[in-house]
Amino acid sequence: MPSTIRTTALPSGEAVQVLGQGTWKMGEDSRRRVQEVNALKLGLDLGMTLIDTAEMYAGGGAEEVVAEAIAGRRDEVFLVSKVLPSNASRAGVRRACESSLERLATDRIDLYLLHWPGSVPLGETVEAFEALKKAGKIRHWGVSNFDTEDMEDLVGLREGANVQTNQVLYNLVRRGLEFDLAPWSRQRGIPLMAYSPVEQGALAHNARLETIATRHNVTAAQIALAWVIARDGVIAIPKASSQEHVRQNFAALDIRLTEEDFADLDRAFPPPTRKRGLEMI
Ligand SMILES: NC(=O)c1ccc[n+]([C@@H]2O[C@H](COP(=O)([O-])OP(=O)(O)OC[C@H]3O[C@@H](n4cnc5c(N)ncnc54)[C@H](OP(=O)(O)O)[C@@H]3O)[C@@H](O)[C@H]2O)c1
């Protein structure tokens, strides 16, 4: 077991782990609640302390699951949550953040993201984020589902360059952003946070991944995850509600993909050769 989880730096200089835990679909069914809480707790016990959630998930229910999982150990956690674009006005962001803090049973969010670009002028959302920072309600802010042009617009705004991450759909079958968004972000030291890193479970059954997995005596999902976190400046946030998946995801940190593996993966899942619009789930 690795003694420490590898980290990458936010533009602020703060180190964040390259492997965290997602929570989409948690909090939707009370019969699964104990299992979900226990999965997140196991992840924390193993040392995976970055937890990603959103006000949207289960209409706030996922944040309540997170609250239960982190109770009594808030200081261990790097908590990420998101505000809906429909709440992205100055007053809306403040209200949404207060509600998230209440559901999360905490006094601060470590990284607060705009879930996707919406119709509220971005400058207004940035101002609202900065005000929350000053008030100590959030420590950092970022965005999600922003393509390169959206990022260009953002960093051109007053205080827009304070953005700390862009959370995007990225995995072996969603490599389009490698054409321009990934190099653009890397050049500016803005980490990408890869959501759906195992394509919502679909890559766990991929025959081409299984061939490589056999070489390492691991699973196809673990290879998919090891590939994402091997990228420079990328943080992966797989969601797992089964303890077995949590353990496997953690163990993916120890997989060292070889040159041969990377070449085989490039053949099976070719990188983009032209600009494509950013994909979203
Ligand atoms: N910003 C955005 O717009 C956005 C969009 C989507 C997701 N997200 C965030 O990113 C997180 C991850 O994305 P996601 O939930 O869409 O997809 P994902 O993490 O790629 O896949 C989750 C699914 O894969 C299964 N799984 C997890 N680890 C596995 C393993 N080792 N082997 C086999 N199957 C495994 C899970 O099963 P079990 O649950 O049964 O263990 C679950 O069904 C979300 O939970 C959310 O926090 C953000």
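Mentor: Start with strand β7 (residues 166-169), where N166 and V168 on one side and Q167 and L169 on the other are all buried, leaving both faces covered. This is a predicted model, in which local features need pLDDT of at least 70 and side-chain atom pairs count only at pLDDT 80 or more, while totals for chains, interfaces and linings use all residues. Residues are numbered from 1 along each chain as its sequence is written.

Trainee: What makes a residue buried, exposed or partly exposed?
Mentor: The count of other C-beta atoms within 10 Å of its own, with C-beta atoms placed from the backbone: 20 or more is buried, 12 or fewer is exposed, and in between is partly exposed. As for the two sides of a strand, side chains in a regular strand alternate between the two faces of the sheet.

Trainee: How do you know which class L122 and L203 belong to?
Mentor: L122 has 19 C-beta neighbours inside 10 Å, so it counts as partly exposed. L203 has 24 inside 10 Å and therefore counts as buried.

Trainee: Why is helix α8 (residues 220-229) called largely enclosed?
Mentor: Because 10 of its 10 residues are buried, α8 is largely enclosed by the rest of the structure. The cover over these buried residues includes β8, α7, β9, α9 and α10 (259-268).

Trainee: How do you know that β7 pairs with its neighbours?
Mentor: Pairing needs at least two bridges found by DSSP between two strands. Strand β6 (residues 138-144) and β7 are joined by 2 bridges and run parallel, with S144 opposite Q167 in β7. β7 and strand β8 (residues 192-195) have 4 bridges, also in the parallel sense, and here L169 stands opposite Y195 in β8.

Trainee: What is the order of the strands in the sheet, and what makes an edge strand?
Mentor: The open sheet has 7 strands in the order β3-β4-β5-β6-β7-β8-β9, with parallel pairing. The edge strands are β3 (50-52) and β9 (234-236), each of which pairs on one side only. On average, neighbouring strands are turned by 30° against each other, direction ignored. At the β3 end, β3 and strand β4 (residues 78-83) are parallel over 3 bridges, with L50 opposite F78 in β4. Next, 4 bridges join β4 to β5 in parallel, and V80 has L111 in β5 as its bridge partner. β5 is mostly covered, with 5 of its 6 residues buried.

Trainee: Why are helix α2 (residues 61-70) and helix α3 (residues 90-104) called oblique?
Mentor: Their axes come within 7 Å and cross at roughly 45°. Axes are lines fitted to C-alpha atoms, for helices over the stretch in contact, and angles run from 0 to 180 degrees between N-to-C directions. Under 35 degrees would be roughly parallel, over 145 roughly antiparallel and 65 to 115 roughly perpendicular; the rest is oblique. α2 and α3 are therefore oblique to each other. The contact is made by E63, E64, V66 and A67 of α2 with S100, R103 and L104 of α3.

Trainee: Which residues come nearest to the ligand?
Mentor: G22, W24, G201, A221 and K239, of the 28 residues around the ligand. A residue is near if its C-beta atom, placed from the backbone, lies within 6 Å of the molecule. Helix α9 (residues 243-251) provides the largest share of the shell, 3 residues.

Technical notes: Contact = placed C-beta atoms within 7 Å.
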